[in-house]
Structures are given as structure tokens and as C-alpha cells.
Amino acid sequence: MKNKILQFTDVKLIYHTKRGETTAAEHLDFSVHEGEFVAIIGPSGCGKTTLLSLAAGLLKPSEGSVTSQGSFGYMLQKDELFPWRTIEKNVFLPLEVKKINTEEHRKRVRNLAEKYGLGDFLSSYPAQLSGGMRQRAALIRTLATDPDILLLDEPFSALDYQTRLNVCDDVSSIIRSEGKTALLVTHDISEAISLSDRILVLSQRPAKIAYEHEMNFNSNIPLKRRESEKFSEWFELLWKELNV
């Protein structure tokens, strides 16, 4: 097993409002290892995205600790590409924000874009691209600063079903080819099964890890996993766990 790159240790998160305190999560204990793809699923409103905010340090735990051994890239539900910037200018944006917009870094990002099928579209604008291509551009932008851990917040939810399947394959291939660690939040059981090495199932709020599963497929390719006999077995089990 590779080194732990992200560790939640007995994490509790309490929100303070005018109405009082709300416990959003408690007793969160889990780790993510280098190069691992972990999916988080749970009932609606249980606080799945809260875990990403805690991981990235956007929220501080009320109790316990969150420690990481690397930098983060955050991929949102929508591509959030700026319509007035070309695809090239969009994927360079993190370099500008981090003040590392050098030719060396730009060359690396261009190479990524070319490697993953965006080379011919760098001078195009977002409106000229399909939803799937836009999401691929969003992932290249997330990879621009070479983060160690990718936080994926339902990155396919805005796409239609057919596009989602194709983009799912694309994103999985890119993340695994680049050797990145990924933590995915999704409401889609099928997505979690087809993409991840391990699935964490959250309880109702206050969220804690109710179940944890290692995926036992022979392939990491999402489409091949969906065609496997094991797929429906996993789906049925996870569906039951989410609806206890």
C-alpha cells in the first residue's frame, strides 16, 4: 500500500447559526493513499461536499484533524470556463492566479491539452465546444498547477447521460494516466462503482462513515466495469446501504 496522502482523524464539524448549533459531521475517520481513487456517496443533504471543503482546508474541523501531504486541485460541478477567454487562456488561468505563468509551465499545460485531445481547440472559445470537451478542458485547467490530490465535486452532474458516460471514461483515463490521487463526491452510485478503487458510504447527518468497500474489478476502465456481472451486485448492495 502506498503512503497516506490525506487523513481524517475523528473529525467533527459543527455549524454555528443564529438558531443554534448544527452538527454536520462527526467521528469521520478515513485515509486516502497516494494514487488512489476514492468515491464518497451518501443520502441527499448528508454533507458530502463538506468533506471536500474539509480536505481542502476551506473549512476547519470543530474537533479532530485533517492532514494532507500534498497540494489540491478542485473540479466543480460545472466547468465554469470564462466565455470571453479561449480554451488556452482558460487552462492557463491557474498559472496566472498562482503567479507561475512562465513559458515552462505553459508548455506543460499545452502538452497536457494535446495529449488528451484538446490541442486543436486551444484557440476556440467555450461556446464552440461540446459539454464533454468543456469538461475535459476544466480537468486540464485543474491539472495545470500539477496538484497531488484532485477533489471532484460531482463533476459530471451537469452533463446529459450519454455525454456523462463518455466523459467519465475520459476523466478516469486522464487521472490514472497522470498518477493522481482523487477524492470524488457523487450522488450517482453507478459513477462511484465505475470510477473508484474504494467507496465510502456516509450516513444521514451528522455524517460519518457507515460503510466502506474495496472495488474488486479486473479493470479500471469505467465502461468495462459497467459491463461486468459484479456491477449490478455492487449497485444493489450500495442502494440498500443508502436506503437503510
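Biologist: By class, how many nonpolar, polar and charged residues does the lining of the largest cavity have?

Modeller: One residue of that lining is nonpolar, three are polar and four are charged. Here Ala, Val, Leu, Ile, Met, Phe, Trp, Tyr, Cys and Pro count as nonpolar, Asp, Glu, Lys and Arg as charged, and the others, Gly among them, as polar. Please note that this is a predicted model, in which local features need pLDDT of at least 70, side-chain atom pairs count only at pLDDT 80 or more, and totals for chains, interfaces and linings use all residues. Residues are numbered from 1 along each chain as its sequence is written, and side-chain values use heavy atoms, with hydrogens and water left out.

Biologist: Which residues line the largest cavity?

Modeller: The lining consists of Glu154, Phe156, Ser157, Arg164, Thr186, His187, Asp188 and Glu191. On a 1 Å grid over the protein atoms alone, a cavity is a set of points where a 1.4 Å probe fits but cannot get out; a pocket is an open set with protein on both sides within 12 Å along at least five of seven lines; and lining residues have an atom within 4 Å of a point.

Biologist: How many cavities of 30 Å³ or more does a search find, and how much space lies in the largest?

Modeller: A search of the whole structure finds one cavity of 30 Å³ or more. The largest cavity holds about 40 Å³ of space. Grid points are joined across faces, edges and corners, and a volume is the space filled by probe spheres set on the points.

Biologist: And the largest pocket: what is its volume, and which residues lie nearest its centre?

Modeller: Its volume is about 350 Å³. Of the 14 residues that line the largest pocket, Gly73, Tyr74, Pro94, Arg141 and Thr142 lie nearest its centre. Strand E5 (72-75), helix H2 (87-97) and helix H4 (131-143) are the elements that give two or more residues to this lining. Helices (H or I, at least four residues) and strands (E, at least two) are DSSP runs, numbered from the N terminus. By class, the pocket lining has eight nonpolar, three polar and three charged residues.

Biologist: Staying with H2, which of its residues are buried, and what do they pack against?

Modeller: The buried residues of H2 are Ile87, Asn90, Val91, Phe92, Leu93, Pro94 and Leu95; buried means under 20% relative accessible area, exposed over 50%, and partly exposed in between (1.4 Å probe, protein chains only). These residues pack against helix H3 (103-115) and H4.

Biologist: What follows H2?

Modeller: Lys99 follows H2, and its phi is positive, near 60 degrees, although Lys99 is not a glycine. Lys99 is placed in the loop between H2 and H3 and, at 74% relative accessibility, counts as exposed.

Biologist: What about Asp10: where is it found, and what is its phi?

Modeller: Asp10 is found in strand E1 (residues 4-17). Its phi is near 45 degrees, a positive value in a residue other than glycine. Asp10 has a relative accessible area of 39% and is partly exposed.

Biologist: A change of topic. Is the peptide bond from Arg205 to Pro206 cis or trans?

Modeller: That bond is cis, with omega near 0 degrees. Pro206 is placed in the loop between strand E8 (198-202) and strand E9 (209-214).

Biologist: Is Val38 buried or exposed, and which residues does Val38 touch?

Modeller: Val38, in strand E3 (residues 37-41), is buried, with a relative accessible area of 0%. Leaving aside residues up to four places away in sequence, Val38 touches Val32, Ala182, Leu183, Leu184, Ser196, Arg198 and Leu200. Contact means heavy atoms within 4.5 Å. The C-alpha atoms of Val38 and Ile199 are separated by 5.8 Å, although these residues are 161 residues apart along the chain.

Biologist: Finally, the overall fold: how many helices and strands are there in the protein?

Modeller: The protein has eight helices and nine strands. Its radius of gyration is 18 Å, close to the 18 Å that the globule rule gives for 244 residues, so the protein is as compact as a globular protein of that length. The radius is taken over C-alpha atoms, and the globule rule is 2.2 Å times the number of residues to the power 0.38. Buried residues make up 49% of the 244 residues.
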